[in-house]
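Please go through the model shown below with the report that follows. It takes the metal sites, then the helix packing, then some backbone details.

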Amino acid sequence: MLRKILMGFGALVGLIILGGVGFYAYVTYQANKTYDIPLPDIRRDTSPEALARGEVIFMSLCVECHAPAGEIHAVGAPVTVLPPELGYLHSANLTSDPVGGMGNVKDEEIARMIIHGVNHEGKLRPMVRFWTMADEDIAAVIGFMRQDRPEFAPEPKKAPPSETTFLGNIVQVFVLGVHTEKRPPVKAPAKAPTVEYGKYLSEAMFDCVACHTQGLEVNEVKAAKDTAFTGGFEFDQKQSGTEGVIYSTNLTPHETQGLGKWTLEQFKVAMREGIAPDNQVLRTPMPRFRRLDDVQLEAMFKFLKSLPARESPKFAREPLPRAKVDPSAAPEKLFSSLGCNYCHGPKGQYRDKLKNAISKQPEEVAKWIRNPESFKPGTQMPTFAPLLDEGQALELARWVQSKNGEP
Ligand code: HEC
Ligand code: HEC
Ligand code: HEC
């Protein structure tokens, strides 16, 4: 998630030169000192309604960083989407273990981490701050984290702590920022298909505004800008082994660049299945939000449609073209034109997952490729059924298997 923040480092180089030694000392001190921030009055909510809400939040937002790629056991994992210049980043063990995990960490301490980015030892950690997430939603996530579930089965091994570089510390202190005062309570709008609720989900909860707005600021600052939701944030694709950059898209109701002509149904398919109108595959880092229900997606759609239609500073879908399916293409070509390589290519985050398919019946693998969510609910893999018929999927499955899962 932080990757978006890091692209504009050029701007910060000036700062570093300006301040010299004093600046270095200041940043290092701020990043390493122990903060004495009062604990928020937020404890777990384990009512059935809150647990269901907490599950959606945790599984849509937290698990991707806190479990190894494609897994759910929240033992902590290296955060590989970020440039190495920031340092070695590793998320924490969130299992129920009293030594390695959160078993002995208070609910209020977890809440403080989510809001301030300060861990149970009072140390600033390189995690996004959810400064505008409502108290009741934080209570729901913590409630979910305290359940006896496979996600939190005790793992005694502590996760290795992140080691941030000077550049990483600059991001911690100036971009993510330090709020030392106690946050006043924040209330979520009622869950309903309204603009207000959609705004909360898009700005405070799911980071849409951060990725879909240019600049280095945090969510609440970006949301107030004139350019909010106009896209144009640049993502370098090198890390997934693909040349070039892609831009986040314009989500305002602009007729040609944005969601002006989109229907609610199209929006739902794009958000859950990763397929935009005209069968375009949405590329990483746009996540799948498969667990969001109809009310949540309708609220977000209404909110985005209520924004003023604005031009993008840099229009998306270029310079790397999105997937276009040529039905007669060989499997090898389909693998890159459909964007499988972003996730499963030599540098892909989910490369190892292809190995699970080697010993299966090709027919079953073909079914997986068309409808992965029927095997693994919530999966980040797009639903390729609208783009590939059964025959094409079978050919692709056989080809992946023939490559031993290492195409
Ligand atoms: C972009 C990746 C990322 C996301 C998303 C993320 N985390 Fe983290 N989390 C981290 C990193 C990195 C650390 C710091 C680990 C360290 O070095 O101590 C961390 C630390 C924590 C800690 C600190 C535990 C302690 O030691 O006191 C808690 C609690 C936590 N995360 C909960 C959450 C919850 C809940 C969510 C979802 C609302 C979430 N995280 C989302 C990356 C992430
Ligand atoms: C980590 C960054 C990131 C986050 C978080 C993110 N997006 Fe995206 N989104 C992107 C990128 C990049 C694209 C462009 C993908 C492409 O061109 O293949 C995109 C594309 C889209 C599209 C397709 C638009 C079009 O014109 O085809 C929609 C709709 C969308 N995002 C909505 C959202 C919403 C709503 C949220 C919050 C729930 C969100 N995104 C969160 C990065 C992100
Ligand atoms: C956005 C990332 C992403 C993209 C793009 C993607 N996948 Fe996947 N794929 C995954 C993940 C993640 C898994 C593992 C399942 C999970 O953990 O959710 C997976 C699993 C698989 C598996 C293993 C199935 C099994 O039997 O266990 C196959 C085969 C596969 N993908 C093929 C493909 C093909 C072919 C394409 C392109 C048409 C593709 N994937 C595109 C993320 C992706």
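Donors are N, O and S atoms within 2.8 Å of the metal (3.2 Å for Na, K and Ca), and since water is not among the atoms, sites may look incomplete. Six donors count as octahedral if opposite donors are over 155 degrees apart and all others between 65 and 115.

Helices (H or I, at least four residues) and strands (E, at least two) are DSSP runs, numbered from the N terminus.

His66 belongs to helix α3 (residues 48-66) and Met127 to the loop between α4 and α5; they are 61 residues apart.

For the iron atom of ligand 3, His344 (NE2) and Met381 (SD) are the protein donors, at 2.0 to 2.2 Å. This site is octahedral, its six donor atoms giving angles of 86 to 178°. His344 lies in helix α13 (residues 340-344), whereas Met381 is in the loop between α14 (362-370) and α15 (390-402), 37 residues apart.

Two packed helices are described by the angle between their axes and the distance between the axes. Axes are lines fitted to C-alpha atoms, for helices over the stretch in contact, and angles run from 0 to 180 degrees between N-to-C directions. The axes of α3 and α5 come within 7 Å and cross at roughly 85°, so α3 is roughly perpendicular to α5. Angles of 65 to 115 degrees count as roughly perpendicular, under 35 as roughly parallel, over 145 as roughly antiparallel, and the rest as oblique. The contact (heavy atoms within 4.5 Å) includes Arg53 and Phe58 in α3, and Glu136 and Phe144 in α5. By class, the contact of α3 with α5 has nine nonpolar, two polar and four charged residues. Ala, Val, Leu, Ile, Met, Phe, Trp, Tyr, Cys and Pro count as nonpolar, Asp, Glu, Lys and Arg as charged, and the others, Gly among them, as polar.

Helix α4 (residues 107-116) packs on α5 (residues 135-145) at about 125°, with the axes 10 Å apart, which means that α4 is oblique to α5. On the α4 side the contact is made by Asp107, Ile110, Ala111, Ile114 and Ile115, and on the α5 side by Ile138, Ile142 and Met145. Seven of these residues are nonpolar, none polar and one charged.

## Packing of α10 with α11

Helix α10 (residues 264-273) and α11 have axes that come within 10 Å and cross at roughly 115°, which means that α10 is roughly perpendicular to α11. Among the contacting residues are Phe267 and Arg272 in α10, and Glu298 and Phe301 in α11. The contact of α10 with α11 has seven nonpolar, no polar and four charged residues.

## Backbone details

Thr284 and Pro285 are joined by a cis peptide bond, with omega about 10°. Pro285 is in the loop between β6 and α11. Phe229, a residue other than glycine, has a positive phi near 70° and lies in the loop between α9 and β3 (234-236).

## Basis

Residues are numbered from 1 along each chain as its sequence is written, and chains are lettered from A and ligands numbered from 1 in the order in which they are written. In this predicted model local features need pLDDT of at least 70, side-chain atom pairs count only at pLDDT 80 or more, and totals for chains, interfaces and linings use all residues, while side-chain values use heavy atoms, with hydrogens and water left out.

Terms used. Tetrahedral: all angles 85-135°; square planar, octahedral: opposite > 155°, others 65-115°.
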